[in-house]
Each structure stands twice: as C-alpha cells, then as structure tokens.
Amino acid sequence: MKIIYNRFFPFGTFWAINIFGIIFCRVDKGRLPEVVKNHEYIHTLQQREMLFVGFYIFYVVEWLYRLIKTRNFMKAYYSISFEREAYAYQNDLDYKYKRRKFAWKKLILN
C-alpha cells in the first residue's frame, strides 16, 4: 500500500483518501496511525473486489441516496456501507486476513 503525503489533498477535515489503492494523506495532520492505515486498507480490499471503478460508482450513488435521505453531508458519508465496514473494523488489525469478500453488502440495507 503506497502512501503519499502532501499539503493539499484530501480537502477539508479529512485525513486521508484512498484512490485506486494509493493513500493520499495531508502532511499537516501527521503520520497515519495504524488504525487509519487499516481503515484505508479495508477500502483497498473493497475497491479490488469491485474492480475499482465499480467501487467509485457504487460509492457515489450510495452517498447521493443517503444525502437525500439524511440531508446532511457527514451523516450521508458515515452511513455509506463501505465506510461503515471500514469504521467498524479499523481497530481490528487482523480483519484484513479474516474478512469475507463483499462483507460490506450486509450493511447496505441497515
């Protein structure tokens, strides 16, 4: 997993963003803790199983749906099934070894 530290991306309060398995991190926020690396690695696994482009299409569609439903940018973000899986297991550093493919699917309807 490649990590690129920079001064501009991601925007706002976000610490890191995973694009095609490469993590972009704001240098002013400091080094990424293992928990955040694990969160982003879970996203890499999700992206791989959806052939990357499928992940981004589904991510945006689900976020738009949740945005309409909640009318709140951050609530919509936190309720995306991909994010819910990553946040739920980010503290389990062994999760990447025992994770089942498409584990995020069970969180779509919740």
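Is Gly 21 buried or exposed? Let's start there, and keep in mind that this is a predicted model. Gly 21 comes out as buried, with a relative accessibility of 13%. You'll find Gly 21 in the loop between strands E2 and E3. So who's around it? If we skip the neighbours within four places in sequence, Gly 21 is in contact with Met 1, Lys 2, Thr 44, Gln 47 and Phe 52. There's also Gln 46, 25 residues away in sequence, with its C-alpha 9.9 Å from that of Gly 21.

Leaving out residues up to four places away in sequence, Thr 44 touches Met 1, Asn 18 and Gly 21.

That brings us to H1 itself. H1 runs over residues 34-49, which is 16 residues, and spans 23 Å from first C-alpha to last, close to the 22 Å expected at 1.5 Å a residue. Quite a list of its residues is buried, including Val 36, His 39, Ile 42, His 43, Leu 45 and Gln 46. What covers them? The cover includes strand E2 (16-19), strand E3 (22-26), H2, H4 and helix H5 (95-98). Phe 52 belongs to the loop between H1 and H2, and at 24% relative accessibility it counts as partly exposed.

Okay, on to the helix pair. H2 (residues 53-70) and H4 (residues 81-89) pack at an angle of about 100°, and their axes are 9 Å apart. That angle makes H2 roughly perpendicular to H4. On the H2 side, the residues that meet H4 are Phe 55, Phe 58, Tyr 59, Glu 62 and Arg 66, and on the H4 side they are Ser 81, Phe 82, Glu 83 and Arg 84. By type, that contact has four nonpolar, one polar and four charged residues.

Which residues make up the largest nonpolar core? There are seven: Met 50, Phe 55, Tyr 59, Tyr 77, Ile 80, Phe 82 and Trp 104. For background, nonpolar side chains in soluble globular proteins tend to be buried together. Have a look at Phe 82 in particular. Not counting residues up to four places away in sequence, Phe 82 touches His 43, Gln 46, Met 50, Phe 55, Phe 58, Tyr 59 and Trp 104. Apart from that core lies another one, of five residues, with Ala 16, Ile 23, Cys 25 and Val 36 among them.

What about the outside? Ala 88 is in helix H4 and is exposed, with a relative accessible area of 54%. The C-alpha atoms of Ala 88 and His 39 are 9.0 Å apart, while 49 residues separate the two along the chain. Arg 71 is exposed as well, with a relative accessible area of 74%. Arg 71 lies in the loop between H2 and helix H3 (73-78), and has a positive phi of about 60° although it's not a glycine.

One last thing to look up on the screen: the peptide bond from Phe 9 to Pro 10 is cis, with omega near 10°. Pro 10 is in the loop between strand E1 (2-6) and E2.

Notes:
Residues numbered from 1 in each chain as written. Predicted model: local features only at pLDDT ≥ 70, side-chain atom pairs only at ≥ 80, totals over all residues. Heavy atoms only, no water. Axes fitted to C-alpha atoms, helices over the stretch in contact; angles between N-to-C directions. Helix = DSSP H or I, 4+ residues; strand = E, 2+ residues; numbered from the N terminus. Parallel < 35°, antiparallel > 145°, perpendicular 65-115°, else oblique. Contact = heavy atoms within 4.5 Å. Nonpolar A, V, L, I, M, F, W, Y, C, P; charged D, E, K, R; others polar. Expected span 1.5 Å × (residues − 1). Buried < 20%, exposed > 50% of the residue type's maximum accessible area, 1.4 Å probe, protein only. Core = buried A, V, L, I, M, F, W, Y, C linked by side-chain atoms within 4.5 Å.
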